[in-house]
Structures are given as structure tokens and as C-alpha cells.
Amino acid sequence: MTPMTPMTPMTWTRTGWVALALAVLSRRLVVVTVRGSSMSPAFHDGDRVLVRRGSSPAVGQVVVTERPARGGAWPRGPVRSTAEATGREWLIKRVAAVPGDPVPRALASVPEERVPPGKLVLLGDNRTVSLDSRELGYFPADRVLGMVLPRGPVSQRQRTPASARPPFRRI
């Protein structure tokens with residue numbers, strides 16, 4: 001048995017900073033599993049993406065947003081913490097317009113010329129199968145979980161069958 005070395009104040013300080021950094025990251029970063037083909041070819045069913053919470057969406061970014069219930073109602077309040085994210089259904093979409101932008105032609109049914117405050121226009125890359133702003137209208141900005149962090153090229157990604165993946169928390 002080897003004797004333990006006592007921890008110095010410097011070691012405690014480093015340990016504290018590491019613990020604090022991990023705590024902050026666990027609240028700001030969430031792993032989400034993509035379901036469906038609405039974002040194909042960029043994302044495929046079963047892909048796992050890392051989502052950064054707390055950033056304002058910009059046109060062209062991919063975001064994860066809460067799926068509205070049938071009829072467009074929201075059964076619960078907006079997600080404020082990672083713990084509140086479980087048990088909800090999520091959609092992955094690309095931001096087409098943010099508040100103040102001209103309304104894209106894809107939303108011909110809305111009367112406004114500009115996207116209203118607090119609203120987003122979200123579209124899927126695979127528009128033939130995507131449930132997005134063309135059918136649902138504007139998405140409330142406070143229903144966005146966060147922005148999907150960029151990944152490496154497809155050739156560098158590993159595709160693993162769903163049955164062989166480690167169990168991640170699905171939200």
C-alpha cells in the first residue's frame with residue numbers, strides 16, 4: 001500500500017477550478033440524439049450532436065427546439081435548465097430568419113413583412129419530410145434549447161449502429 005500524499009492548498013485550488021468548470025459545462029452543453037431525416041444530408045437519424053445552451057440563434061445556424069404539442073400548444077413552460085429538458089420532444093432545424101429579418105417566401109401564409117420579436121423561422125434541410133415553420137409558423141425563441149456545435153467533415157465522423165452506442169440521455 002502506498003502512502004497518500006497530503007493535498008496542498010494549490011492542489012485544492014486546481015481541483016476546485018476543475019470541478020467548477022465541469023459543473024458549468026454540464027449545464028451549458030447537452031447531448032441530443034437526432035431522430036428522423038428532416039435535416040438530411042447534414043444530420044441523419046441516430047446522429048448525436050452537442051448542443052450549447054444560452055446563445056442567441058443566427059441565420060444559418062442549426063438549433064434544437066422544442067416540438068409543439070398538437071394544435072400548437074405548449075404543455076409546459078420554456079426550458080430554463082438542463083434538468084427541465086428531459087421528457088420533452090425536440091426538433092433539429094436550421095435558422096432561416098430571426099426577429100427583424102424579412103419573412104422568407106417559404107412562409108407565404110403569414111401577414112407580417114418582418115419576423116416579429118421573440119420569434120424565429122426554422123426550416124429543415126430535407127424540406128420534403130420536414131415539420132418546420134412552413135407548417136407550424138413561427139417558433140418562439142424561448143423554446144430553443146440551444147445551438148448545435150459544428151462537427152468535423154463526414155469522412156471524420158464515425159457512424160455507429162444505434163444498438164452499439166453507449167446510453168446517452170435522450171432529450
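Leu122 is buried, its relative accessible area being 0%, where buried means under 20% relative accessible area, exposed means over 50% and partly exposed lies in between (1.4 Å probe, protein chains only). The model is predicted, so that local features need pLDDT of at least 70 and side-chain atom pairs count only at pLDDT 80 or more, while totals for chains, interfaces and linings use all residues. Residues are numbered from 1 along each chain as its sequence is written, and side-chain values use heavy atoms, with hydrogens and water left out.

- Leu122 belongs to strand E5, which covers residues 119-123; helices (H or I, at least four residues) and strands (E, at least two) are DSSP runs, numbered from the N terminus.
- Leaving aside neighbours within four places in sequence, Leu122 is in contact (heavy atoms within 4.5 Å) with Val63, Thr65, Lys93, Arg94, Val95, Asp132, Ser133 and Phe139.
- From Leu122 to Arg134 the C-alpha to C-alpha distance is 8.5 Å, although the two are 12 residues apart in sequence.

**Overall fold**
- The chain has 2 helices and 7 strands, and from the N terminus on its elements follow the order α-β-β-β-β-β-α-β-β.
- Of the 171 residues in the chain, 33% are buried.

- Not counting residues up to four places away in sequence, Phe43 touches Val34, Val49, Val62, Ile92, Val148 and Arg151.

**Salt bridges**
- The whole structure holds 5 salt bridges, each a side-chain nitrogen of Lys or Arg within 4 Å of a carboxyl oxygen of Asp or Glu.
- Arg88 and Glu66 form a salt bridge through their side chains (3.1 Å, N to O); Arg88 lies in the loop between E3 and E4 and Glu66 in strand E3, so the pair ties together parts that are 22 residues apart in sequence.
- Glu66, Arg88 and Arg143 are linked in a network of salt bridges.
- Asp132, which is buried at a relative accessible area of 0%, forms a salt bridge with Arg134, the closest N and O atoms being 2.9 Å apart, whereas Arg134 counts as partly exposed at 28% relative accessibility.
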